[in-house]
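Biologist: I'm new to this one. Can you walk me through it?
Modeller: Go ahead and ask; here it is.

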Amino acid sequence: PAGVRLDTLTVKHIDFQGRTHEGVVICNHIIADDLRAIFEQLYKEKYPIERIRPISEYGDDDERSMRANNTSCYCYRVVEGSTKLSKHARGMAIDINPLYNPCVRRQKDGTLLIQPETGKPYVDRKKLFRYKISRSDLCYRLFTRYGFRWGGDWRSLKDYQHFEK
């Protein structure tokens with residue numbers, strides 16, 4: 001969108017096998033320093049993030065990126081079911097380990113919309129499983145310390161992967 005300046009960050013992260021990788025985060029310059037500090041701390045603490053690649057490596061397909069459990073920030077798109085640009089379109093939101101932390105929304109017909117669709121086994125947040133973001137999780141604590149809001153705290157839907165400013 002007009003007036004949005006994006007930065008490209010290279011960040012180190014530990015994958016699910018404990019190996020170090022360099023990932024690429026494209027974000028709004030306003031949150032670049034915060035993200036750099038958060039990812040440095042996550043790396044230092046060996047917090048597992050499977051992959052961090054720009055959405056363009058998935059053909060700009062958000063569902064494809066989420067199914068690959070790809071952590072990403074900038075994605076030019078509207079909010080599902082609306083014409084309003086998402087915080088991702090402004091580079092002001094990031095999704096962390098989205099397969100294990102799906103977005104869950106009850107539709108008007110009562111059915112659940114789960115994104116990614118393959119995230120269904122991880123919808124029940126009372127279950128114990130690895131890579132789950134909760135209020136006690138290091139990822140949650142770091143992002144909220146830097147002033148990000150967590151989609152897992154929302155009432156109308158639960159977006160467990162999502163942090164935004």
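Biologist: What is the strand order in the open sheet of 3 strands?
Modeller: This is a predicted model, and in it the order is β5-β10-β8, with antiparallel pairing.

Biologist: Which strands stand at the edges?
Modeller: β5 (93-95) and β8 (149-150). Each has a single partner strand, so one side of each is left without a neighbour in the sheet.

Biologist: How many bridges join β5 to β10?
Modeller: There are 3, and β10 covers residues 162-164. Aspartate 95, for instance, has histidine 162 in β10 as its bridge partner.

Biologist: Switching to charges. How many salt bridges are there?
Modeller: The count comes to 10. One of them pairs aspartate 153 with arginine 135, the closest N and O atoms being 2.5 Å apart. That pair links distant parts of the chain, 18 residues apart: aspartate 153 is in the loop between β8 and β9 (158-159), and arginine 135 in the loop between β7 (112-115) and α3 (138-145).

Biologist: Is arginine 135 buried or exposed?
Modeller: Exposed, because its relative accessibility is 52% and the cut-off for exposed is over 50%. Aspartate 153 is partly exposed at 33%.

Biologist: Which residue forms a salt bridge with aspartate 33?
Modeller: Arginine 36, with the closest N and O atoms 3.0 Å apart. Both lie in helix α1 (residues 29-44), 3 residues apart, about one turn of the helix. Aspartate 33 is exposed at 57%, while arginine 36 is partly exposed at 36%.

Biologist: Which residues are linked in a network of salt bridges?
Modeller: Glu63, Arg67 and Glu117.

Definitions and conventions. Residues are numbered from 1 along each chain as its sequence is written. This is a predicted model: local features need pLDDT of at least 70, side-chain atom pairs count only at pLDDT 80 or more; totals for chains, interfaces and linings use all residues. Side-chain values use heavy atoms; hydrogens and water are left out. Two strands pair if DSSP finds at least two bridges between them. Helices (H or I, at least four residues) and strands (E, at least two) are DSSP runs, numbered from the N terminus. A salt bridge is a side-chain nitrogen of Lys or Arg within 4 Å of a carboxyl oxygen of Asp or Glu. Buried means under 20% relative accessible area, exposed over 50%, partly exposed in between (1.4 Å probe, protein chains only).
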